[in-house]
Amino acid sequence: MATDPVCKMTVDEQAPAGGKAQFWGKYFYFCSKDCRINFRRDPQKYVPESAEGKGPEYDKSKTNESWRV
Ligand SMILES: [Zn+2]
C-alpha cells in the first residue's frame, strides 16, 4: 500500500482511485482526483523532503504521468 501525500490516506498502488503521478523520480498515488490536483498545484508543500537540497528533477522526457484531469 502507498500513502496519499496530500491527505495521508492509504491508497492501493495497484488501483489508485485518484491515479498516480511521477515526480522527482518517485511515484505518488492518490485517493482521489482532487488530491492529485492539489498535489500538482504545489507538490513541494506535500513532499518537503524532496524539496530540500535535491530540488525538483524536472525531466519531462522521463515523466510518463499525464497531468490531465
Ligand atoms: Zn487523498
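Helices (H or I, at least four residues) and strands (E, at least two) are DSSP runs, numbered from the N terminus. This is a predicted model, in which local features need pLDDT of at least 70, side-chain atom pairs count only at pLDDT 80 or more, and totals for chains, interfaces and linings use all residues. Residues are numbered from 1 along each chain as its sequence is written, and side-chain values use heavy atoms, with hydrogens and water left out. The protein has 3 helices and 4 strands, in the sequence order β-β-β-β-α-α-α.

**Hairpin**
- Strands β3 (residues 20-23) and β4 (residues 26-29) run antiparallel and are joined by 4 bridges; two strands pair if DSSP finds at least two bridges between them.
- Phe 23 has Lys 26 in β4 as its bridge partner.
- The hairpin of β3 and β4 has 2 residues between the strands, and Trp 24 in the turn has a positive phi of about 55 degrees.

**Zinc site**
- The zinc ion has as protein donors Asp 4 (OD), Cys 7 (SG), Cys 31 (SG) and Cys 35 (SG), at 2.1 to 2.3 Å; donors are N, O and S atoms within 2.8 Å of the metal (3.2 Å for Na, K and Ca), and water is not among the atoms, so sites may look incomplete.
- The spacing of the donor residues in sequence is D-x2-C-x23-C-x3-C.
- The arrangement is tetrahedral because the 4 donor atoms subtend angles of 100 to 120 degrees; four donors count as tetrahedral if all angles lie between 85 and 135 degrees.

**Burial**
- Cys 31 and Cys 35 are buried, meaning under 20% relative accessible area (1.4 Å probe, protein chains only).
- Of the 69 residues, 36% count as buried.

Terms used. Tetrahedral: all angles 85-135°; square planar, octahedral: opposite > 155°, others 65-115°. Buried < 20%, exposed > 50% of the residue type's maximum accessible area, 1.4 Å probe, protein only.
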